[in-house]
Amino acid sequence: MPKKDAPPLQGELLQGTLDLLILQTLVLGAAHGHTIAHVIEHRSEDVLQVEHGSLYPALHRLENRGWIASFWGTSENNRKARYYRLTRIGRKALSEQASRWDELVRAINRVLRPASE
Amino acid sequence: MGWTRFFRRRAWDEERARELDAYLQMETEENIARGMTPEEARYAARRKLGNRTLIREEIYRMNTIGLLETVWQDVKYAARVLRKSPGFTLFAVAILSLGIAANTSIFSIADAVLLRPLPYRDAGRLVMVWEDASTYGFPQNTPAPGNFSDWKARNHVFEDTAASAFATLNLTGDDTPEQLNGVSVSANLFPVLGTSPALGRDFHSEDNNPGAAPVAILSHGLWLRRFGANPEVIGRELLLNDRKYAVVGVMPAAFIFPDRATEIWVPWQFTKEKLNDHGSHFLAVVARLKAGTSLESANAELATIAKQIEREHPDDNAKVGAFAVPLREYVAGDIRLAILVLSGAVCFVLLIACANVASLLLARATGKRREVAMRLTLGASRLRIAFQMLTESFLLAVLAGSLGLVLSVWGTQFLAALVPTGIAPLGGAGVDRRVLFFNVGVSMGTGILFGLLPALRISSLNLANSLKNGGGRGSVGAGGQRLRNMLVVSEVALAIVLLAGAALMIRSFVNLVHLDPGFRADHVLVLRTPIQMQKYDTQARRTAFYDRILEKVEHLPGVITAGYTTWIPLTNEGGATGITIEGHPEPAPGQTPIPNVRIVSRNYMKALRMKLVEGRLIDEHDGYGTQLIALINETMARNFWPGQNTLGKRFKRGGFPEKSPWITIVGIVGDVHQAGLDRPARAEMYLPYEQHDFFPPDYLAVRTSGDPMLVVEPVRQQVWSIDKQQPVAETMPLEQLVGENLAPKRMQASLLGAFAGLALLLASLGIYAVLSFAVTQRTQEIGVRMALGAHSRDVLRMVFSHGLRLFLMGAGFGLAAALALSRTLGHLLYGVSANDPLSFVGVMVVLGAVTLLACYIPARRAMRVDPLAALRYE
């Protein structure tokens with residue numbers, strides 16, 4: 001577990017991880033870009049700082065893949081905002097990606113802490 | 001999503017921009033809520049988001065497809081370049097579209113006549129079967145019924161074999177009497193062809209039995225014309241040749257057999273004897289090859305059967321062979337070669353146009369050297385630059401192709417009208433999908449052809465030299481000039497080939513027009529009054545019928561004289577009978593003389609203004625029961641009595657031991673081209689109809705003092721005043737028949753002439769462009785030379801020698817190619833040899849003169865170069 005005072009891991013997200021985080025965020029319901037970024041930051045207790053510059057291209061990429069879909073809606077404070085929601089294939093992709101991630105984490109852990117657990 | 005996002009990326013980009021704006025606003029508001037001033041809040045939000053443009057660009061790039069983007073850029077660039085030089089663009093598009101239009105038009109005709117499937121099922125397996133009676137002067141002879149029966153019974157190569165014979169059917173009864181172009185057929189004709197009536201029933205095999213109730217099937221055209229497309233025509237009775245025929249069917253509109261003139265089919269009712277007649281040859285036989293059987297094996301088998309028939313019937317089948325030709329060849333006939341030649345010609349025209357445009361592009365590329373060198377230095381890939389040049393060529397080609405397509409719609413109509421009606425394309429020619437594909441293919445091919453050379457040249461530019469030389473002026477790449485010279489040489493060579501071909505065709509045509517056909521076609525009206533055998537059943541009655549008509553017609557005002565004949569010239573290639581010559585030994589099998597025979601009235605020779613060479617014409621004393629007489633033509637006299645005085649010589653009709661009476665020759669007349677203007681006359685004899693009428697004289701020739709068409713109505717009325725049931729058909733001036741006979745040659749000569757003219761124009765433009773460019777490029781050099789004391793004469797000589805060198809090289813190649821290719825014109829030529837020196841020399845002179853003209857303008861410009869001005873450019 002990272003310590004509270006550790007510096008945020010800005011810009012060091014593993015490639016493909018941002019996609020996974022976005023998809024996970026959308027499991028709870030549709031959200032616009034701003035919310036997605038905030039949710040990721042809050043839930044990672046500010047360890048993961050989403051670089052907003054890469055958020056939007058990532059959203060676009062996911063939409064092109066058909067994993068998420070977008071629509072224009074009204075935000076909490078009555079503004080027009082573009083909302084994203086998870087599609088059916090997106091949901092499937094998320095569970096695949098998540099289990100791949102788990103595998104990866106376990107593998108890395110096995111390397112880092114051999115036989116200690 | 002997919003590739004379509006490429007086209008929506010602009011709209012998308014706008015959406016992204018709005019989305020990012022929304023983000024900024026939200027972030028700003030939050031920042032304000034955290035206690036920042038609005039100004040600070042906005043900055044902080046912007047900082048957090050990063051570079052907006054970069055984000056948008058990244059997303060934008062995600063939506064582009066690399067290659068497509070490049071191509072689109074190139075197209076836009078090329079369009080700009082072409083718009084900037086409208087003169088060049090117009091010229092290039094104009095000549096290319098002419099070339100493409102000519103190709104597309106000729107292709108659509110060729111497609112309709114030669115390529116498109118015939119309107120019969122599995123038409124590739126249909127063949128026509130003919131007798132080979134070359135020994136008697138009929139290399140493709142109409143088979144005898146007996147031979148047909150034997151082929152049909154003995155072969156193992158055909159699924160089935162059917163036959164038809166022309167039958168003139170006089171339709172009489174309630175409406176105007178009319179002569180129908182009919183055929184009497186074996187009942188299996190339609191199944192062999194793989195068609196059946198659109199309305200009613202097909203023939204049954206019993207319909208062929210003698211004594212069966214006569215039935216008929218109508219053509220779609222006749223059904224429309226005479227019966228107003230009334231479906232109740234089925235079962236109706238027609239009076240044909242005074243016999244009642246029940247209409248049992250109507251054929252589909254597209255059905256044609258054996259030719260497009262055929263309006264009605266009736267089953268023949270041949271007796272057993274008739275079906276075994278091996279002596280009279282008058283059928284057209286069509287057969288369907290068994291699946292997998294080749295034409296060669298069919299021909300081998302036919303030859304074997306013909307040998308058997310020859311052994312069994314030596315008297316009338318000696319040296320008669322048999323062979324099959326694909327139905328397609330039979331239908332396309334003579335026009336096949338003409339179309340192939342014209343296709344070659346238009347292909348040449350397009351090649352010349354390509355060479356011209358390529359040469360222009362090369363010249364333009366020279367001007368672009370600096371620009372290209374700069375781009376190469378800045379890191380552009382050579383492939384990319386070559387691609388860009390090719391795009392420009394393609395754009396030109398596409399423009400030219402579209403314009404060419406429009407032109408070809410018109411061109412095809414024009415050509416289709418020129419094709420003689422007898423062989424006009426089945427189902428008509430028009431611009432359809434196949435033609436469209438061809439057009440697109442040709443346009444693309446053209447683009448590559450003329451664009452590749454300049455593209456390759458410019459992309460292989462030597463960087464250092466081009467930049468050092470400052471590009472453009474004074475630095476003619478020697479290679480570039482050499483390439484352009486080569487292009488002009490090939491243009492000249494191609495033009496020579498075309499011009500030579502056109503010259504030969506035009507000379508052939510002129511030969512034909514000036515040929516003496518043995519008769520004078522002007523002021524002659526032709527009509528056909530087919531005799532009704534049932535009504536005029538004795539020779540005396542028939543003679544009286546002809547006599548009365550001639551008597552009445554000759555007394556009409558405006559009529560000089562009139563005569564009957566069995567076949568007016570150019571209407572029948574055959575019409576022959578075997579003879580035995582007095583004092584000659586019995587001829588070997590196959591050596592029996594078979595001259596043409598025409599049965600005529602007294603004044604027929606006068607009506608046609610035929611030439612009397614010796615002796616006398618038929619006169620009023622040559623009647624029934626007097627001494628049998630004949631006139632013969634010069635060829636017959638020469639062939640059968642060489643070097644003898646022919647007058648008073650005798651022969652008789654039929655084979656050697658024949659008991660028929662002797663016929664005495666009383667006159668010799670000039671040869672008449674019966675089978676076609678370009679076909680030599682056969683031996684021919686003329687017999688008075690009072691003495692013989694084994695062939696009925698149906699054609700009436702009327703010589704008039706004025707316009708022959710003016711007497712059509714009076715003549716018809718006279719005929720109907722004698723017999724109001726008498727059909728009168730094929731009414732036309734004899735000149736029209738001659739014109740129709742000349743039409744294919746006229747078409748070939750005029751089209752080839754037009755293409756050659758186009759080639760000449762393009763080639764001279766090519767020479768002009770290259771010289772003119774060379775002069776511009778050498779302005780400084782010329783200026784320096786003149787400053788150093790060169791005369792304008794020397795400058796003139798320089799330009800002219802350059803032009804003449806190009807011409808002579810091109811002429812050398814062109815002559816060699818023309819000599820080799822003119823042989824393929826084959827039978828399209830008449831009275832001129834394929835390497836006629838006059839034509840070739842004439843072509844060289846014409847092209848030489850045009851070359852000099854093309855040299856003159858640039859040369860004059862070169863002479864006027866002001867040395868000072870030229871040097872100042874340095």
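The contact between the two chains takes 19 residues from chain B and 17 residues from chain A, and, like everything described here, it comes from a predicted model. On the side of chain B that touches chain A, the elements giving two or more residues are α1 (5-33), α2 (38-49) and α3 (52-62) of chain B.

**The chain B side of the contact**
- Among these elements, α1(B) gives the most to the side that touches chain A, contributing nine residues.
- Sorted by class, the side of chain B that touches chain A is made up of ten nonpolar, three polar and six charged residues.

**Two helices packing within chain A**
- Helix α1 (residues 17-27) of chain A packs with helix α3 (residues 52-65) of chain A at an angle of about 75°, and their axes are 10 Å apart.
- Because angles of 65 to 115 degrees count as roughly perpendicular, α1(A) and α3(A) are described as roughly perpendicular to each other.
- From α1(A), the residues Leu18(A), Asp19(A) and Ile22(A) meet Ser54(A), Ala58(A), Leu59(A) and Leu62(A), which lie in α3(A).
- By class, this contact of α1(A) with α3(A) has five nonpolar, one polar and one charged residues.

**A helix of chain B**
- Helix α25 (residues 792-822) of chain B has 31 residues, and from its first C-alpha to its last it reaches 43 Å, which is close to the 45 Å expected at 1.5 Å a residue.
- In general, an α-helix has 3.6 residues a turn, so residues three or four places apart point the same way.

Note on methods. Residues are numbered from 1 along each chain as its sequence is written. Chains are lettered from A and ligands numbered from 1 in the order in which they are written. This is a predicted model: local features need pLDDT of at least 70, side-chain atom pairs count only at pLDDT 80 or more; totals for chains, interfaces and linings use all residues. Axes are lines fitted to C-alpha atoms, for helices over the stretch in contact, and angles run from 0 to 180 degrees between N-to-C directions. Helices (H or I, at least four residues) and strands (E, at least two) are DSSP runs, numbered from the N terminus. Angles under 35 degrees count as roughly parallel, over 145 as roughly antiparallel, 65 to 115 as roughly perpendicular and the rest as oblique. Two residues are in contact if their C-beta atoms, placed from the backbone, lie within 7 Å. Ala, Val, Leu, Ile, Met, Phe, Trp, Tyr, Cys and Pro count as nonpolar, Asp, Glu, Lys and Arg as charged, and the others, Gly among them, as polar. The expected span of a helix is 1.5 Å times one less than its number of residues.
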